[in-house]
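Please look at the sequence and the model shown here, and read the report below alongside them.

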Amino acid sequence: MSAIVLNEKMEKASELALPESFSGINPHNLYLYVKSAQAAMRANSASALTRAQVRGGGKKPWAQKGGGRARAGSRRSPVFVGGGKAFGPSNNRNYDLKVNKKQKKLALNFALAEHAQNGSLFIVDSIEIASGKTKDAAAMFKALNQRDTLFVKTILDEKTYLAFENIASTYVIEENELNAYLAANYRSVVIEKAVWENLVGEAK
């Protein structure tokens with residue numbers, strides 16, 4: 001299980017074996033992290049008024065007896081049109097799922113190991129588009145021959161960001177933004193050498 005080291009022309013130069021800490025990881029760690037990440041992205045905007053929140057209904061609709069109808073105390077009841085919603089959605093619901101620090105790291109290592117196993121984990125000395133032009137970024141992406149790619153830089157400069165911004169199949173992030181969800185969401189990952197060394201150092 002190795003990562004592919006690329007040269008300046010984005011061509012394969014060598015391979016770099018992954019540390020032992022990247023193997024034998026339970027895939028359930030990735031499942032838990034992805035589930036947590038997706039839960040955190042929920043809009044949580046659905047909300048319905050209960051019978052205590054709808055307007056009106058202060059007067060008893062009709063007399064308790066003698067009308068031949070079921071007794072009713074307020075038109076705010078869920079049985080009436082325009083009344084409150086029984087057991088409706090509320091926007092104060094908390095969807096957050098806790099994933100501890102160790103599981104987050106294991107999830108990321110597993111996602112990267114999967115890429116390495118599939119031949120879609122690449123390491124380069126630098127990811128930089130000094131010109132800031134989209135055509136140069138597109139040429140770098142095209143040389144990889146991948147469907148979509150996550151680029152990970154130590155520090156993301158403005159020109160590189162602007163160069164990749166309009167390419168729908170790519171996404172450029174800084175080292176501190178890298179997580180298992182993003183790594184698993186793209187079919188290939190390109191990491192700067194300095195970032196990779198930090199990842200390997202933390203994995204030991």
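Ser188 counts as buried because its relative accessibility is 0%, where buried means under 20% relative accessible area, exposed means over 50%, and partly exposed lies in between (1.4 Å probe, protein chains only). The residue sits in the loop between α5 (180-185) and β6 (189-192); helices (H or I, at least four residues) and strands (E, at least two) are DSSP runs, numbered from the N terminus.

The side chain of Ser188 reaches the backbone oxygen of Asp148 at 2.8 Å, and a polar contact of 2.8 Å joins the side chains of Ser188 and Thr149. A polar contact is a pair of N or O atoms within 3.5 Å; within protein, one must be able to donate a hydrogen and the other to accept it, and residues adjacent in sequence count only if both atoms are side-chain atoms. When neighbours within four places in sequence are left aside, Ser188 is in contact (heavy atoms within 4.5 Å) with His115, Ser120, Phe122, Gln146, Asp148, Thr149 and Leu150.

## Basis of the model

This is a predicted model, in which local features need pLDDT of at least 70 and side-chain atom pairs count only at pLDDT 80 or more, while totals for chains, interfaces and linings use all residues. Residues are numbered from 1 along each chain as its sequence is written, and side-chain values use heavy atoms, with hydrogens and water left out.

Thr170, found in strand β5, counts as buried at 7% relative accessibility. Not counting residues up to four places away in sequence, Thr170 touches Phe141, Thr149, Phe151 and Phe164, and its side chain reaches the backbone oxygen of Ile167 at 3.1 Å.

Ile167 belongs to the loop between α4 (158-165) and β5 (170-174) and, at 13% relative accessibility, is also buried. Leaving aside neighbours within four places in sequence, the contacts of Ile167 are Thr134, Ala137, Ala138 and Phe141. Ile167 and Ala138 are 29 residues apart in sequence, yet their C-alpha atoms are 7.2 Å apart in space.

## Helix α2

Helix α2 (residues 101-117) has 17 residues, which at 1.5 Å a residue should span 24 Å, and its end C-alpha atoms are 24 Å apart, in agreement; the expected span is 1.5 Å times one less than the number of residues. At the N-terminal end, Asn100 caps α2, with a side-chain oxygen 3.2 Å from the backbone nitrogen of Lys102. Just after α2, Gly119 takes a positive phi of about 70 degrees.

The buried residues of α2 include Gln103, Asn109 and His115, as well as Phe110 and Leu112.

Most residues other than glycine have a negative phi. Phe87, in the loop between α1 (28-40) and α2, has a positive phi of about 60 degrees although it is not a glycine, and it is exposed, with a relative accessible area of 88%.

Asn145, in the loop between α3 (134-144) and β4 (149-153), likewise is not a glycine and has a positive phi of about 60 degrees. Asn145 is exposed, with a relative accessible area of 68%.
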